[in-house]
Number of protein chains: 2
Amino acid sequence: MKLQDIGEFGLIDRIAGKVRDKFSVPIGIGDDAAGIRPAEGTLTLVTSDMLIEGVHFDFNLTDPRSLGRKSLAVNLSDMAAMGCRPRYFLLSMGVPSHVSVDFLDAFIAGIMDRADQFAVGLIGGDTCSSKSGFVISITMMGEQLPEQTVRRSGAVPGDMICVTGTVGDSALGLQLLQRGEREGLPVLRHLDPVPRVAEGMALAEARLPSAMIDISDGLAADLGHILDQSGVGACVHLESIPLSEPFRCGCNSMDLDPFSLALAGGEDYELLFTVPPAQQHLVRELLTGTGSSVTVIGNITESRHLSIIAGDGSEYTLAAKGYDHFSGSASVPDRREAQQ
Amino acid sequence: MKLQDIGEFGLIDRIAGKVRDKFSVPIGIGDDAAGIRPAEGTLTLVTSDMLIEGVHFDFNLTDPRSLGRKSLAVNLSDMAAMGCRPRYFLLSMGVPSHVSVDFLDAFIAGIMDRADQFAVGLIGGDTCSSKSGFVISITMMGEQLPEQTVRRSGAVPGDMICVTGTVGDSALGLQLLQRGEREGLPVLRHLDPVPRVAEGMALAEARLPSAMIDISDGLAADLGHILDQSGVGACVHLESIPLSEPFRCGCNSMDLDPFSLALAGGEDYELLFTVPPAQQHLVRELLTGTGSSVTVIGNITESRHLSIIAGDGSEYTLAAKGYDHFSGSASVPDRREAQQ
């Protein structure tokens, strides 16, 4: 079935029909604006992410359902990075004329997979045609007690730097996809990342992290955001960076530097956070409860410099620091500029 | 200066530097999410609009500053249609590589013109590259007492149908622009519409409208949204529809049917609302205070049918009902589908 057969308002009806009643809000889909009533005493947190065909995704490498799942996951990951409980989202789409209703049904099904899993409700958005590829913009809102909010700016010298799970898999997965691979952990982590929502909320509720961010631009670039906003530096031990076994094997067989991918690759959607040394054991206990691993990769310093130390004690120099949208993926942005 | 000279994070810094301190929020630009603290007892209203190059705008016909002003205006207009005070917005942009920093500065200046005028603060968003045209997605949030919210669903038989200002100017303006005209009221109303925020808030605070919407898809289509959601019909008197003098002259000289443009043209961003007959005089008094005119164009009926009556008593048949993104501008969507 073609989109022009059901029309703009038919599509909106189709999406609205998939919204669960349990996420009912004072004003939902179908008016000029949606209306929510935040719990008293809470902050409303809000984040937006835009995904554009040919920049963030390529339909030769992904499918509409995975794209839907990932589109919601990247916003859920931003909520996780604040330690916030996600509640609602708005979905805006620019849809090229060649896109079929089946394609959109699969995309929306992917969105709803992750929405149901993380108990977030679709309350509004916008649909329009696009002459320039498929465009997605999602705005997500969450609720949080003000004292539990974790900013990027709270890291202090002496804090330990922690990361959940493993890093680099997604960047390797993209390279594998581009070579025709369609299976395996790295590919799956690129196409369908899992946001660390429970981990972020548990850490925030226990008030353990002094600063936190999710790894979207790359471990080095995202650590850079924490350092810039906290006015501190860091020492990272290269050999401590958690790498998965499939990642090590893949890098080995493709003759890639695993640390370059792990530090600059991006799109891992793991949590990167800092904690006072005395609370390090509490972090491990807490995250074990969520099923996530956590690794200490270094510590915060006063120097305002990011130093990465290799196993032999020498300083490791990173060629590419992370993704800059206007310079291309292999850019080396001045860290001073890396503020988001 | 080219965008690649300043990079993604340089651009974000540049935008953040234009944000006024007076709109300070608990968490502003520069973290994984923004944080606001809504006033106790209020609803938070939220709306998103996406604008895509080649669909919503054409750089042969507009300039970046006007585009910025209009991008914010269409979201402000959604807030106005709920009778809500707009407070904050998030701006997401997909930017093609050929776009210059000067262009973006002008676009942001246009955004900030309207933001300052209507006292809304930029608190976040996303910037990324686009391989296919300039893409804008704005999410706006406002605060409102629950009892003052005006929905689309409250119209009842006997209510008078009112519209602010004049309609059709924007649609004529687009036709004039396409013929090379660059001046005059219709062109200005197309390029730089004024959202009726004060009017919407005044009406809502006085609790006068039973239903309200802004005219974006076209008078007939947007009235259709009210009728569908209220489960009612309407009788509109063609000769009552408010038309500006420049609009009448333009239609005359271009041999266009003014009523077709006025009913189906769209992008007027006037308010269309219904009120009980006894409160009609209060509406006029109230809106005179905001400097806006208001015209009664018909009344709500029980029949669930939209009837448009010409001056000679005959029924006027509208060829095109309004804009449908997936059928093209001259579409005639089934009114039953026209739910947004």
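In this predicted model, strand E1 of chain A pairs with strand E2 (residues 43-52) of chain B. The pairing is antiparallel and spans three bridges. Within this pairing, A:Gly35 has B:Leu45 of E2(B) as its bridge partner.

The pairing of E1(A) with E2(B) belongs to a contact between chains that involves 69 residues of chain A and 70 residues of chain B. Several elements of chain A each supply at least two residues to the side that touches chain B. They are helix H1 (3-16), strand E1 (34-36), strand E2 (43-52), helix H2 (64-82), strand E3 (85-95), strand E4 (121-129), strand E5 (135-144) and strand E7 (211-214). By class, this side of chain A holds 28 nonpolar, 26 polar and 15 charged residues.

The relation between the chains was examined next. Chain A superposes on chain B by a rotation of 180° with 0.0 Å of shift along the axis. The RMSD of this superposition is 0.1 Å. The two copies are therefore related as by a two-fold rotation axis. Both copies use the same surface, as 100% of the contact residues of chain A recur in chain B. The residue of chain A that comes closest to the rotation axis is A:Ser132, with its C-alpha at 2.1 Å.

Chain A itself is divided into domain 1 (3-148) and domain 2 (160-337). Their centres, taken over C-alpha atoms, are separated by 26 Å. In the contact between them, 18 residues of domain 1 of chain A meet 21 residues of domain 2 of chain A. On the domain 1 side, H2 and E3 of chain A are the elements that give two or more residues. H2(A) provides the largest share of that side, with eleven residues. The domain 1 side comprises nine nonpolar, five polar and four charged residues. H2(A) and E3(A) are also among the elements that contribute to the side of chain A touching chain B.

Chain A contains an open sheet of six strands, in the order E7-E9-E6-E10-E8-E11 and with mixed pairing. E7 and strand E11 (306-309) of chain A stand at the edges. Each has a single partner strand, so one side of each is left without a neighbour in the sheet. On average, neighbouring strands are turned by 25° against each other, direction ignored.

Helix H10 (residues 280-290) of chain A touches strand E6 (160-164), E9 and strand E10 (294-301) of chain A. Its direction makes about 150° with that of E10(A). H2(A) lies across E7 and strand E9 (271-275) of chain A, and runs at about 170° to E7(A).

Two of its residues, A:Ala211 and A:Ile213, point one way from the strand. A:Met212 and A:Asp214 point the other way. All four of these residues, A:Asp214 included, are buried.

Definitions and conventions: Residues are numbered from 1 along each chain as its sequence is written. Chains are lettered from A and ligands numbered from 1 in the order in which they are written. This is a predicted model: local features need pLDDT of at least 70, side-chain atom pairs count only at pLDDT 80 or more; totals for chains, interfaces and linings use all residues. Two residues are in contact if their C-beta atoms, placed from the backbone, lie within 7 Å. Helices (H or I, at least four residues) and strands (E, at least two) are DSSP runs, numbered from the N terminus. Ala, Val, Leu, Ile, Met, Phe, Trp, Tyr, Cys and Pro count as nonpolar, Asp, Glu, Lys and Arg as charged, and the others, Gly among them, as polar. Two strands pair if DSSP finds at least two bridges between them. Axes are lines fitted to C-alpha atoms, for helices over the stretch in contact, and angles run from 0 to 180 degrees between N-to-C directions. Domain bounds come from an automatic or database domain assignment. Copies are superposed by least squares on the C-alpha atoms of residues with pLDDT of at least 70 in both. A residue is buried if 20 or more other C-beta atoms lie within 10 Å of its own, exposed if 12 or fewer, and partly exposed in between; C-beta atoms are placed from the backbone.
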